[in-house]
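Dear colleague,

Please find below the structure I am handing over to you. My findings follow it.

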Amino acid sequence: MLISEFFIMVNQPTLLSSQLFYENRVVEVTLNRVMLGLWKEIETRRKRSASFNCISKDADHHFLLVSEIVGARETEEEDQTNKDGGRKHNVLLYPYAFTVSYTERTKHHCWRCKDIIFHCLDKAQRQQWVQTINNQLSLLSIRPKRLLVYINPYSGKQRGKWIYEQRVAPLFSRASISTDVIVTESANHARDHLKTEVDLKQCDGVVCVGGDGMFSEVVHGLVSRTQSDSRVDQNQPNQDLVPCALRIGIIPAGSTDCICYSTTGTNDPVTSALHIIMGDSQPMDVCSVHHNNTFLRYSVSLLGYGFYGDVLTDSERKRWMGPSRYDFSGLKTFLTHQYYEGTVAFLPAKDNLGNPRDKIKCRTRCHICEQGANNGQLLSGDHVYKMAEENSDEETSGDGVWRVIRGKFLAINAACMSCACPRSPRGLSPYAHLADGTTDLILVRKASRLDFLRHLIRHTNKDDQFDMSFVEVHRVRRFRFAPKHSNVISEVDLSETSGKKICNQVCTAHPNNDTGHSNWNCDGEILPHADIQVSVHCQLIRLFARGVERGTTFDTYTWSVIEGSNLSWQA
Ligand SMILES: CCCCCCCCCCCCC/C=C/[C@@H](O)[C@H](COP(=O)(O)O)NC(=O)CCCCC
Ligand SMILES: Nc1ncnc2c1ncn2[C@@H]1O[C@H](COP(=O)(O)OP(=O)(O)O)[C@@H](O)[C@H]1O
Ligand SMILES: [Ca+2]
C-alpha cells in the first residue's frame with residue numbers, strides 16, 4: 001500500500017468513534033468506510049501489586065481494513081475470559097465486550113480467522129459498535145449472503161462433511177452467511193440439481209466441498225444451465241458460450257485439489273472459506289471438449305492422454321485406497337511405459353500472451369490474463385481455419401496458423417492453469433494462466449524410462465520439466481487430437497471447417513483391433529473418446545478466489561501497525 005493510499009483511507013468520514021478498552025489500555029477506536037482504526041492510545045493500564053496504574057505512552061496506531069473483517073459480534077462470556085487472557089479487570093471496568101473477527105495471512109498463502117476483543121462501558125455502546133460494523137460489511141456488495149453448498153461425503157479421505165461442519169460452517173455463521181447444504185447421494189447429484197432444479201436467483205454463489213471431480217460437477221451444472229437458459233447449443237465446438245453469473249467456491253477435501261491449490265496457493269479449507277466470505281472473484285478459463293461435433297465435457301485443469309489418462313483409468317478401480325490410489329497407479333503406469341501414436345493439431349495463442357517457458361507466473365490481478373480478456377480470446381464460430389500437415393508445416397488463415405504434429409507420445413497434456421497441487425507445487429505447466437483464454441499443450445514424445453522419470457521428478461522440484469529434448473510445449477487456443485487408428489483429423493474433416501482440402505489425410509485409417517488407444521483424463525474423469533476437439537473459453541466462470549498472491553508485502557498484512565506515525569484521524 002502506498003502512503004498516499006493510506007492517507008485517503010484515513011481521511012474517510014468517521015462513522016463511529018469511542019474510547020474503548022483494548023488489551024491493557026484505553027484507546028480511541030474509530031471506524032470509517034474503509035478501516036477500523038485503533039488510533040490514539042489514551043492510557044495504558046498495567047497491573048502492579050493487584051492495583052492499576054495509568055502509564056501514558058506514545059502514539060500507537062493500528063488499523064484493520066473493513067474489507068478484511070469477517071464480522072462483529074457480542075463476545076460470549078467464556079470467550080472473554082479464554083481469548084482475552086482472563087483479564088478480569090476488563091470485566092469489572094468495561095464489562096460489555098464485543099469481538100471483531102478478521103482475516104490474517106500466515107505462511108504459504110494460508111489465511112486464518114483472528115479475533116480482537118474490545119470492551120465497552122455500557123450495553124448500548126457495544127450494540128452500536130456491533131451493528132455499525134456489521135452494517136458496513138453488509139454494504140460490501142461483492143460479499144455473498146446466501147450460498148448453496150454441495151458436500152461430496154466420499155471425496156479424498158471422506159472427511160468432507162467433517163471439514164465443512166467443523167472448520168467452515170462456523171466461519172460462514174460469523175460472517176452472517178446463510179447456507180443451503182446438500183450432502184450428495186450419488187455421482188452427478190450436484191450437477192443435475194444445478195442443471196434443472198435450483199432457482200439460481202435465490203443464491204449468491206455455489207460452494208463445493210470435495211475434490212476436482214466435485215468442482216467439475218458444479219461447473220458442468222452451472223455452465224450447462226447458463227447455456228440452456230440462454231438457448232446456446234453446447235454441441236457446436238466453436239460456439240461462444242455465455243459466462244456464468246454465479247461464482248463458485250471450493251472447500252478442498254479431495255485427492256488432488258489442484259483447482260483450489262492453483263487458485264489460492266494452498267489447499268486449506270479455512271483459507272478457502274475466508275476467500276468466499278471476502279467475496280473474492282477470480283475469472284477462469286474453461287475448455288470445451290467435443291467429439292465429432294458432439295459435446296463431451298468441460299475441463300478447467302488437466303486434459304491428459306497417455307500417462308495421466310492411464311493413471312486415472314487404473315486408479316478408478318482403486319478408489320477404496322483414497323488419494324494414495326494415484327501414487328500406486330502412477331508407479332504402475334510408469335513401469336508399463338506405454339506410448340501412443342497420434343496427431344495433434346493446434347492453433348497457437350497470440351504472442352502478447354507470452355509462452356509456457358517465459359517464467360511469468362499467473363498471480364493476483366495478472367496482466368497476461370487481462371490481455372487475454374482484451375484479445376477476445378474466446379473464438380467465435382464463424383472463423384475459417386486451415387490446417388497444414390507435418391511437423392512444422394504451417395498455414396495462415398484469418399484466425400492464425402494451425403500447426404500439426406504427428407508422433408509417438410508418452411503423454412499429451414493440456415494445462416489450462418498451472419495445475420499446481422501438493423504433489424507438484426509448481427504444477428504441470430508452472431507459467432500457465434488462469435484466465436488468459438489459452439491452455440498449455442505439453443507433448444512428451446517417446447523416450448527412455450529413465451528420461452521420462454527425470455521429466456516426472458522435475459514436476460516435484462524447481463527444475464524445468466520442459467528443458468528436455470523429447471518434451472515440447474505450446475500455448476494454444478484450440479487443439480485437436482486423433483489417435484493413429486482413427487481418421488478424425490482427415491481430409492474430409494478439415495474440408496468441413498476450412499472449406500478447402502489443404503491437408504492430406506494425417507492419420508491413415510487402420511484395420512485395428514482397437515488396442516493402442518489411451519483415455520483422456522479430463523479433470524479426473526475418463527473420457528470415452530480418444531479423438532477430441534478442444535476450445536478454450538476465456539473467463540467463462542468465476543471463483544471465490546483471487547489467484548495466488550505475490551510475496552508478503554506491506555499491503556498483505558491486515559492488522560497493521562504504524563508506530564510513531566504523526567498521522568491523525570480526521571472526520
Ligand atoms: C516420481 C514422481 C512423479 C510425480 C509426478 C507428479 C506430477 C503431478 C502432476 C499432477 C497434476 C494434477 C492435475 C490435476 C488433476 C485432477 O483433476 C485429477 C482429479 O483429481 P481429484 O478429483 O481430486 O481426484 N487428478 C489426477 O488425475 C491425479 C494425477 C496424479 C498423477 C500422479
Ligand atoms: N455421494 C456421492 N457418491 C458417489 N460419488 C460421488 C458422490 N458425490 C460426488 N461423487 C463423484 O465422486 C467423484 C470424485 O469426487 P471428488 O470430490 O473429486 O473426490 P476425489 O478428489 O477423491 O476424487 C466425482 O466424479 C463425483 O462426481
Ligand atoms: Ca488459461
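Which backbone atom lies 2.9 Å from an oxygen atom of ligand 1 in the case of Gly213? It is a backbone N or O atom of Gly213. Please bear in mind that this is a predicted model.

Ligand 1

The shell around ligand 1 holds 21 residues, and the closest are Asp212, Gly213, Thr256, Tyr326 and Asn521. Thr256 also places a backbone N or O atom 2.9 Å from an oxygen atom of ligand 1. Tyr326 contributes through its side chain, with a polar atom 2.5 Å from an oxygen atom of this ligand. Ligand 1 exposes 770 Å² when taken alone, and the protein buries 87% of that. Two or more residues of the shell come from each of α7, α11 (325-336) and α13 (449-457). Sorted by class, the shell around ligand 1 has eight nonpolar, nine polar and four charged residues.

Ligand 2

Ligand 2 is surrounded by 20 residues, of which Ser155, Gly156, Gly213, Glu217 and Ser255 are the closest. A backbone N or O atom of Gly156 lies 2.7 Å from an oxygen atom of ligand 2, and for Gly211 the corresponding distance is 2.8 Å. Thr184 has a polar side-chain atom 2.8 Å from a nitrogen atom of ligand 2. Taken alone, ligand 2 exposes 560 Å², of which the protein buries 86%. Helix α7 (residues 212-229) provides the largest share of the shell around ligand 2, namely four residues. The classes in this shell are four nonpolar, 10 polar and six charged residues.

Yours sincerely

Notes:
Residues numbered from 1 in each chain as written. Chains lettered and ligands numbered in written order. Predicted model: local features only at pLDDT ≥ 70, side-chain atom pairs only at ≥ 80, totals over all residues. Heavy atoms only, no water. Near = heavy atom within 4 Å. Polar contact = N/O pair within 3.5 Å; in protein donor to acceptor, adjacent residues only side chain to side chain. Areas by Shrake-Rupley, 256 points an atom, 1.4 Å probe, with all protein chains shown as cover. Nonpolar A, V, L, I, M, F, W, Y, C, P; charged D, E, K, R; others polar.
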